[in-house]
Amino acid sequence: MRHRLRAIVRLAPLLLLAAGASAPLAAAELAVPPIDFHQRTLANGLEVISVEDHASPTVTVQMWYHVGSKDDPAGRSGFAHLFEHLMFKSTAHMHAEQMDRLTEDVGGANNASTGGDITNYYEIVPANHLRTLLWAEAERLSNLNVDQKNFASERAVVEEEYRQSVLANPYGKLFNAIDPHSYAVHPYQRPTIGNIENLEAASLDDVIAFHKTYYRPDNATLIVAGDFDPKQLDAWVDAYFGWIPRPATPVPQVTAVEPARTADKRYTETSATAPLPAIAMTWLLPPAPSPDTIALQVAAALLSQGDSSRLYQALVYRTQIAQQAGADVDARVGPGLFTAYAILASGHQPAEAEKVLRDEIARLATQPIPADELAKVKTQLLTRELEQRQTPMGLAFALGQATLTEGDPARVNTDLAALQRVSAEDVQRVLRRYVTGAHSVTIDYLPQAQAPAATGQGATK
């Protein structure tokens, strides 16, 4: 995964302290100005979303492809990730890595990322370079050189990335094991980063077939945000993208249905490099468009956002069982995951952390949630979203997530209001439904010296 560009903008807190008050007063619901975006679809199926923002003379061009690791062919884990890298190689009219020259050499930047559902490519440049970037994105969509030389070089890069982030990272194997153990049948069970054995077994014909299947205008969304003239943008998009043919065959869709869990399961993973044990637990969640997703995100933030969060206080500060703990909602187009984890402190074992993790989640789900704690966390989440929208890049990312993950770009203008309306009752309802009242998968992660002779992988409680 190429490193993301991040922009940080300071905003004033959205909680006010009354004069002499010892606790924050929750502000009335903040009326967030809507993002005024324009949406259209070309005859070849390319979806185009644009939003003007003249705050700075810059523009972002982003191509979001509706393909991720869930679409990797069976036995070929890592193809979506491989193409994230291949798209920076040569085309019929561009040299390898020329996208860097078209962006970095004019003071801009470019990058890409791959997930379970999406692969996206994004650039930020001075506004007078918009036309060039539109041409370049159309060029690598239509004329990418998928040849043995490019395939071999980028396969080696992806394999080295796997070695660094999974094998060399002391806790890389733990987090890489979450998806394979959490999904029974859904192709989300294939980790996005890929698999060296699968990549080595792949042929050039496999790679060409994957590219033809998924890199096509009717499987992509172009998002442009920033300082541009709408009529000129439409003309350039029509000129550079409109001619690209739409294949006659439909885009394959994942049809696998993940079954509900009927029992708790436990697995053990070992590491030759981890100095201390760790533990991770997951629960299945509904797809991202569910109205419960935002309340689940608030629940995860209450558990793990910052040093004052419940898991940090319970596991790191008070009991000192762990050196790190967290909770996360991984919302996806299909079934997502609620994950809680802890990396232990010296002298402690996964069972100790598991008890505290479960106790703290149960306490949040059943005991009254202080109003100021809930208000603080919601304000932090809202502020983070508003910060993101201060730049063209952030605006486009917000639209991309709403469009491709949640299924509707209009969610970019309704999610923040929904976040502000989340109540303590909502948080407890979703935790009881999807977490404390559901079956979990637990992964014990042990240094090899501490691993029992028989790990009992896959054992059911």
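**View 1. The lining of the second largest pocket has 18 nonpolar, 6 polar and 7 charged residues.** Ala, Val, Leu, Ile, Met, Phe, Trp, Tyr, Cys and Pro count as nonpolar, Asp, Glu, Lys and Arg as charged, and the others, Gly among them, as polar. The model is predicted: local features need pLDDT of at least 70, side-chain atom pairs count only at pLDDT 80 or more, and totals for chains, interfaces and linings use all residues. Residues are numbered from 1 along each chain as its sequence is written, and side-chain values use heavy atoms, with hydrogens and water left out. The second largest pocket holds about 550 Å³ of space. Of its 31 lining residues, H186, Y188, V333, G334 and P335 are the closest to the centre. β8 (278-285) and α15 each supply at least two lining residues. On a 1 Å grid over the protein atoms alone, a pocket is an open set of points with protein on both sides within 12 Å along at least five of seven lines; a cavity is a set where a 1.4 Å probe fits but cannot get out; lining residues have an atom within 4 Å of a point.

**View 2. The largest cavity has a volume of about 30 Å³.** A volume is the space filled by probe spheres set on the grid points, which are joined across faces, edges and corners. L285, P286, T293, L296, V329 and A331 line this cavity. By class, 5 are nonpolar, 1 is polar and none is charged.

**View 3. Helices α11 (residues 350-366) and α15 (residues 424-436) cross at roughly 140 degrees.** Their axes come within 8 Å. Axes are lines fitted to C-alpha atoms, for helices over the stretch in contact, and angles run from 0 to 180 degrees between N-to-C directions. Helices (H or I, at least four residues) and strands (E, at least two) are DSSP runs, numbered from the N terminus. The pair is therefore oblique, a term for angles that are not under 35 degrees (roughly parallel), over 145 (roughly antiparallel) or 65 to 115 (roughly perpendicular). In α11, I361, A362, L364, A365 and T366 meet V427, Q428, L431, R432, V435 and T436 of α15. Contact means heavy atoms within 4.5 Å. This contact has 7 nonpolar, 3 polar and 1 charged residues.

**View 4. Q320 has a positive phi, near 55 degrees, in a residue other than glycine.** Q320 is in the loop between α10 (310-318) and β9 (322-330). Q320 is exposed, with a relative accessible area of 52%. Exposed means over 50%, buried under 20%, and partly exposed in between (1.4 Å probe, protein chains only).
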